[in-house]
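Please keep the structure open while reading.

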Amino acid sequence: MGIRIEDVAQATHVSTATVSRALRNLPGVGPTTKKRILETAEALGYIPSPTAASLASGHTHSIGLVQPDMSRWFFGKILESAENTFRKAGYDALVYSLPDYLGPVRQRFNANVLRGKIDALVVLSLFFDPSEEEQLRSLKVPVVFVSVEQPGFNYVGINDEETAARACRHLITLGHKHIGHLSGQTNDKCPVAPTQRRRNGWHNTMQRFHLDSSDDLVEAVTIMTASNGYIATQRLLDRRPDITAILASSDEMAMGAIQAIKERGLRVGHDISVMGIDGHDLSPSFGLATMAQPVSQEGTKAAQLALASITNQTEPKTIVLPTTLVEGPSIGPAPTS
């Protein structure tokens with residue numbers, strides 16, 4: 001059996017409360033007594049219980065991270081930068097997944113899994129319905145949403161609609177009139193989902209320039225992966241062979257599109273241009289033009305906002321970070337014939 005706080009108290013002839021205050025460097029313990037307690041605790045090999053310390057302080061020094069899937073690039077980058085920020089501040093990260101690819105409806109959020117274990121929560125790329133939001137609020141901890149804006153909560157992300165619109169305008173300035181869109185569709189099917197906002201950006205821009213924005217120019221997938229982008233591009237080009245450019249909602253889908261175009265004997269950036277959104281680490285290797293978002297910075301900002309909210313819970317804040325147009329050989333002028 002390990003050494004208990006009672007053993008330290010008995011060896012130093014003080015109460016367990018005095019030992020606890022001395023070990024946590026709290027006032028109320030004389031310097032001589034404190035020195036004796038610390039020396040005795042070290043000599044006995046006493047290790048304070050993190051759970052007991054949390055109960056005593058009211059803080060767990062852990063922050064929850066709820067996300068759909070750790071295997072995808074975007075989610076992994078956010079988790080990496082957020083966890084690094086937490087660690088530097090002396091907090092642990094508790095990761096909880098709600099997979100969005102295991103069935104027609106994603107797994108629902110259950111607050112009891114995290115209750116009493118965290119001081120704040122970061123939710124990545126998920127939208128909560130009213131019943132889930134009620135569960136979320138029952139935790140009574142600060143919450144930061146990343147990528148999907150949940151009304152009434154802190155938010156960190158980009159302007160998805162304007163980002164897609166800017167990408168679309170860039171293709172139009174290169175002379176493209178028939179621009180297809182590879183879209184994502186979340187199982188949440190919420191109007192504030194990044195995929196929906198990016199689709200709106202493409203659609204509204206095409207209409208603004210009096211260009212075709214009909215539904216047959218859009219191919220949607222459930223999960224925005226390279227393999228799904230490949231399949232979606234094949235379907236899109238079968239249906240609309242007049243397309244000269246494709247705007248993908250993610251770089252991973254754009255990478256799949258590049259492969260599908262090449263397999264048809266067409267030249268990427270000449271016969272058909274391809275542009276993505278995200279700024280994936282592998283985009284330069286594919287020569288992919290993209291609207292890059294500062295993903296690591298989003299994770300850091302979300303973590304910093306969560307940490308700040310633990311001690312200073314104010315009105316929800318919204319942080320919108322800029323995106324950058326990155327040129328690449330995957331796009332070029334529209335073919336003349």
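Helix α10 lies across β6, β7, β8, β9 and β10 (289–292). Its direction runs at about 160° to that of β9. Axes here are lines fitted to C-alpha atoms, for helices over the stretch in contact, and angles run from 0 to 180 degrees between N-to-C directions. Helices (H or I, at least four residues) and strands (E, at least two) are DSSP runs, numbered from the N terminus.

The model is predicted: local features need pLDDT of at least 70, side-chain atom pairs count only at pLDDT 80 or more, and totals for chains, interfaces and linings use all residues. Residues are numbered from 1 along each chain as its sequence is written, and side-chain values use heavy atoms, with hydrogens and water left out.

**The mixed sheet**

Six strands form an open sheet in the order β7-β6-β8-β9-β10-β12. The pairing is mixed. Two strands count as paired if DSSP finds at least two bridges between them. β7 (218–221) and β12 (324–326) stand at the edges. Each has a single partner strand, so one side of each is left without a neighbour in the sheet. From one strand to the next, the twist averages 15°.

β6 (residues 179–184) and β7 run parallel, joined by four bridges. Gly-184 stands opposite Val-221 in β7. Helix α8 (residues 194–208) packs on this sheet and touches β6, β7, β8 (245–248) and β9 (273–278). The direction of α8 makes about 165° with that of β6.

**The parallel sheet**

Another open sheet of six strands has the order β2-β1-β3-β4-β5-β11, with parallel pairing. Here β2 (92–97) and β11 are the edge strands. Each has a single partner strand, so one side of each lacks a neighbour in the sheet. The twist averages 15° from one strand to the next. Helix α5 (residues 73–88) packs on the sheet, touching β1 (62–67), β2, β3 (120–124) and β4. The direction of α5 makes about 175° with that of β1.

How covered is strand β5 (residues 154–158)? Five of its five residues are buried. Buried means under 20% relative accessible area, exposed means over 50%, and partly exposed lies in between (1.4 Å probe, protein chains only). Asn-154, Val-156 and Ile-158 point one way from β5, and Tyr-155 and Gly-157 the other way. β5 pairs with β4 (residues 143–146) in the parallel sense over three bridges. Val-144 stands opposite Asn-154. β5 also runs parallel to β11 (residues 318–321), and four bridges join them. There, Ile-319 is the bridge partner of Val-156.

**Helix pairs**

| Helix pair | Angle | Axis separation |
|---|---|---|
| α1 (5–12) and α2 (16–23) | about 100° | 8 Å |
| α9 (226–239) and α10 (251–263) | about 50° | 7 Å |

α1 and α2 pack at an angle of about 100°. That makes α1 roughly perpendicular to α2. Angles under 35 degrees count as roughly parallel, over 145 as roughly antiparallel, 65 to 115 as roughly perpendicular and the rest as oblique. Ile-5, Glu-6, Val-8, Ala-9 and Thr-12 of α1 meet Thr-16, Val-19 and Ser-20 of α2. Contact means heavy atoms within 4.5 Å. By class, this contact of α1 with α2 has four nonpolar, three polar and one charged residues. Ala, Val, Leu, Ile, Met, Phe, Trp, Tyr, Cys and Pro count as nonpolar, Asp, Glu, Lys and Arg as charged, and the others, Gly among them, as polar.

α9 and α10 are oblique to each other. Residues in their contact include Tyr-230 and Leu-237 of α9 and Met-253 and Ile-261 of α10. The contact of α9 with α10 has seven nonpolar, five polar and two charged residues.

**Single residues**

His-170 sits in helix α7 (residues 160–173). Its relative accessible area is 16%, so His-170 is buried. Leaving aside neighbours within four places in sequence, His-170 is in contact with Met-275, Leu-325, Glu-327 and Ile-331.

Most residues other than glycine have a negative phi. Ser-125 has a positive phi near 55°. Ser-125 lies in the loop between β3 and α6 (130–138). Its relative accessibility is 17%, so Ser-125 counts as buried. Asp-278 has a positive phi of about 145° and is not a glycine. Asp-278 belongs to strand β9. At 8% relative accessibility, Asp-278 is also buried.
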